[in-house]
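User: I am learning how structural terms are applied. Can you take me through some of them?

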Amino acid sequence: MIGLFLSQVILFIAAGLIGFAVGWRAFAIMAGARTRAEERENDELRHLLTDAQVRRARGP
């Protein structure tokens, strides 16, 4: 009886750890995608700012 209980506890802990690992990996993937998107946006804004500064420096 004790063996059955312990095996269920071990399986429950293993399932919890696997669930945590899958969730953590999904979070890391989404965080990486967000970071790359933000870097792309920052690069685009820097480029637009540089273009605007060059146009302003050239004058009308």
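Analyst: Start with F12, which lies in helix α1. Helices are DSSP runs of H or I, at least four residues, and strands are runs of E, at least two, numbered from the N terminus. This is a predicted model: local features need pLDDT of at least 70, side-chain atom pairs count only at pLDDT 80 or more, and totals for chains, interfaces and linings use all residues. Residues are numbered from 1 along each chain as its sequence is written, and side-chain values use heavy atoms, without hydrogens and water.

User: Why is F12 called exposed?

Analyst: Its relative accessible area is 67%. Exposed means over 50%, buried under 20%, and partly exposed in between (1.4 Å probe, protein chains only). So F12 counts as exposed.

User: What makes D43 and R46 a salt bridge?

Analyst: Their side chains meet at 3.2 Å, N to O. The term needs a side-chain nitrogen of Lys or Arg within 4 Å of a carboxyl oxygen of Asp or Glu, so this pair qualifies. D43 and R46 are 3 residues apart in helix α1 (residues 2-58), about one helical turn.

User: Is D43 buried, exposed or partly exposed, and which value tells you?

Analyst: D43 has 48% relative accessible area, so it is partly exposed. R46, at 52%, counts as exposed.

User: How do you know that the protein is more spread out than a compact globule?

Analyst: The protein has 1 helix and 0 strands. Its radius of gyration is 26 Å, well over the 10 Å that the globule rule gives for 60 residues, so it is more spread out than a compact globule. The radius is taken over C-alpha atoms, and the rule is 2.2 Å times the number of residues to the power 0.38.
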